[in-house]
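Hi,

Here's the structure I promised to pass on. Have a look at it first, and then read my notes below.

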Amino acid sequence: MPVKHLLLAAITITVLALISLLIGGGDLSLAALLSPQEGQYAAQILLISRIPRTLALILAGTAMAVAGTIMQMLTRNRFVEPSTAGTVESASLGLLIVTLFAPEASVIVKMLVAAGFALAGTALFLRILRLVPLRSVLTVPLVGIMLGGIIGAVANFIAYRFDLLQSLNAWTTGDFSGVLRGRYELLWIAFALTLLAYLAADRLTLAGMGRDFATNLGLRYRSVVSFGLVIVAMVTATIVVTVGMLPFLGLVVPNVVSLLMGDNMRRSLPWIAMLGAGLVLVCDIVGRVVYYPYEIPIGTIMGIVGSALFLLLLLKGRERLA
Amino acid sequence: MIEISNIRKAYADTIVVRDVSLQIPRRGITSIIGSNGAGKSTLLSMISRLTPMTAGTVTVDGLDVTKTPSDVLAKRLSILRQDYRIGSRLTVRDLVEFGRYPYSKGRLTAEDRSQADKAIGFLGLEALADRFLDELSGGQRQRAYVAMVLCQDTDYVLFDEPLNNLDMRHAVGMMKLLRQAADNLEKTIVLVLHDINFASCYSDYIVAMRDGVLIRHGSPDEIMTREAIREVYDMDVDIRDIDGRRIAVYYT
Ligand SMILES: Nc1ncnc2c1ncn2[C@@H]1O[C@H](COP(=O)(O)OP(=O)(O)OP(=O)(O)O)[C@@H](O)[C@H]1O
Ligand SMILES: [Mg+2]
């Protein structure tokens with residue numbers, strides 16, 4: 001698709017970002033920002049809460065959509081994303097354990113531990129896939145969901161014993177209402193990782209065509225898979241640590257983009273990134289508006305919108321996906 | 001030259017390729033024939049390092065395929081497998097251009113693009129170049145894969161059943177194209193073929209396998225005999241000389 005369309009999409013994202021900046025609990029209008037009395041107060045809100053929140057939305061949406069795409073390339077299955085592969089549950093378990101044993105650890109350390117767990121969990125998932133003989137399209141996510149269920153149950157049990165259920169819930173349900181300056185910056189790491197993925201777009205696309213195909217073209221398949229896994233694990237861990245999991249995003253966005261423009265990641269990744277950011281922004285705006293002045297957590301909205309879109313995809317795209 | 005010495009492949013206790021040794025000379029077409037399950041595909045994927053071998057070695061121009069870095073080998077030898085199932089939605093042009101990956105690593109030069117255009121032209125895919133692979137017919141897709149492998153432009157090219165899904169006209173076109181590549185571009189081509197008459201008419205050597213064992217190899221004239229074919233397929237066929245070619249009449 002031509003650059004013109006990409007530009008149009010970027011403008012749409014910008015408009016959504018502006019809307020996202022201007023709505024919310026405390027009063028913040030352009031007029032307030034410009035008036036001498038309230039100006040300073042409004043600017044404070046903007047800097048401490050609104051801008052961080054909007055940035056966090058964009059960064060997390062982008063990274064999650066890209067992570068989903070990478071998972072789908074690595075497993076060659078369109079129904080896989082961090083929340084259907086045990087990745088999210090593993091990251092939460094890791095975070096839980098580090099919270100228990102080293103509550104004082106810095107957020108970076110916590111994130112790295114969570115990423116380590118996410119990596120191990122996802123690698124285990126790939127391992128199981130290799131052992132499961134008949135891989136129909138749907139067994140793959142089923143295996144992932146079951147694995148996630150087991151890991152999640154362990155995490156739940158531990159959290160219950162140590163009275164951390166609330167934290168666990170926060171990690172697994174995306175919520176941006178608590179985002180403030182100083183609490184979201186980790187997401188820039190996730191964003192940097194998606195840029196890294198873009199640099200490796202050709203290798204990831206090739207890996208998506210299968211081991212034999214990639215090897216024939218001289219690709220070191222295993223190292224590309226490892227690279228992809230590390231990115232997915234780190235992105236998931238950062239998102240779990242900062243804002244909580246955004247379900248379905250990594251499933252819906254890559255599938256829609258794939259239908260529209262194919263799987264050559266050098267071409268599709270910018271679109272996946274933008275659609276991811278756009279969808280999160282829209283869901284967040286909806287969550288803040290429908291029940292004003294209260295907020296519905298974005299995880300809930302995404303769950304509804306995402307599962308509806310996903311069902312639609314399942315029904316519409318079945319002949320292609322099967 | 002491809003030098004295969006004593007290679008073996010075993011899955012658990014079953015040996016599917018049993019101590020095969022063979023030298024495939026440079027330039028020309030070598031066809032491998034044999035019944036289903038004889039081990040032809042396994043042999044080809046071991047030669048091309050896609051399947052690890054249980055024992056033995058394969059060298060290509062002196063390079064051991066299991067030890068040579070994959071990206072070095074990718075510029076010398078390419079393979080088209082029998083049953084690629086690419087789930088990705090790529091256009092024909094994308095796919096063919098990926099054939100240049102060993103050279104370009106994703107940064108296509110003008111030279112790479114013109115190679116891709118040439119390959120697309122050779123296979124008559126111009127009109128389909130911007131279509132997605134999953135929206136093509138089986139034979140069109142097969143031609144796109146062949147175009148990709150040709151675009152890889154290696155001295156050694158292995159094709160596992162390249163005539164899969166092709167109609168009569170395209171099958172003959174494909175064999176002529178491969179013959180040209182061998183004669184004019186000095187390629188070394190190894191094919192797995194089920195239609196022994198194509199093997200007879202277009203190859204320089206024929207290799208016959210049965211139950212994992214290489215049982216015969218020689219010129220088409222040597223293999224296209226009643227006894228040899230009976231030994232390979234357990235089937236009595238009439239071999240006739242038609243216009244100086246040996247043709248098996250096996251339809252009835
Ligand atoms: N992964 C595997 N595990 C166990 N056995 C296998 C495996 N792959 C192939 N085989 C067996 O190895 C034997 C040789 O298979 P191969 O695919 O090489 O046959 P082929 O000569 O190419 O047959 P066809 O003409 O049907 O393509 C077969 O008996 C097959 O069942
Ligand atoms: Mg075969």
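At what angle do helix 4 and helix 7 of chain A pack, and how far apart are their axes? This is a predicted model, and in it helix 4 (residues 87-101) and helix 7 (residues 165-172) of chain A pack at about 145 degrees, with axes 10 Å apart. The crossing of these two helices of chain A is right-handed.

If you want to find the contact on screen, look on helix 4 for Val88(A), Ser92(A), Leu95(A), Leu96(A) and Thr99(A). They meet Leu168(A), Trp171(A) and Thr172(A) of helix 7. Sorted by class, that contact has five nonpolar residues, three polar ones and no charged ones.

Now for the two chains. On the chain B side 29 residues are in contact with 25 residues of chain A. Together the chains bury about 2,200 Å², and 54% of that is on carbon and sulfur atoms. Within chain B, Arg89(B), Phe98(B) and Tyr101(B) lose the most area to chain A, together 29% of what that side buries.

There are also two salt bridges across this interface. Twelve residue pairs are in polar contact between chain B and chain A, both residues at pLDDT 80 or more. Elements of chain B that give two or more residues to this side include helix 3 (92-98) and helix 6 (138-152). By class, the side of chain B touching chain A has 13 nonpolar, seven polar and nine charged residues.

Cheers

Note on methods:
Residues numbered from 1 in each chain as written. Chains lettered and ligands numbered in written order. Predicted model: local features only at pLDDT ≥ 70, side-chain atom pairs only at ≥ 80, totals over all residues. Heavy atoms only, no water. Axes fitted to C-alpha atoms, helices over the stretch in contact; angles between N-to-C directions. Helix = DSSP H or I, 4+ residues; strand = E, 2+ residues; numbered from the N terminus. Left-handed = near helix turned anticlockwise from the far one by under 90°. Contact = heavy atoms within 4.5 Å. Nonpolar A, V, L, I, M, F, W, Y, C, P; charged D, E, K, R; others polar. Buried area = accessible area lost by both parts, 1.4 Å probe. Salt bridge = Lys/Arg side-chain N within 4 Å of Asp/Glu carboxyl O. Polar contact = N/O pair within 3.5 Å; in protein donor to acceptor, adjacent residues only side chain to side chain.
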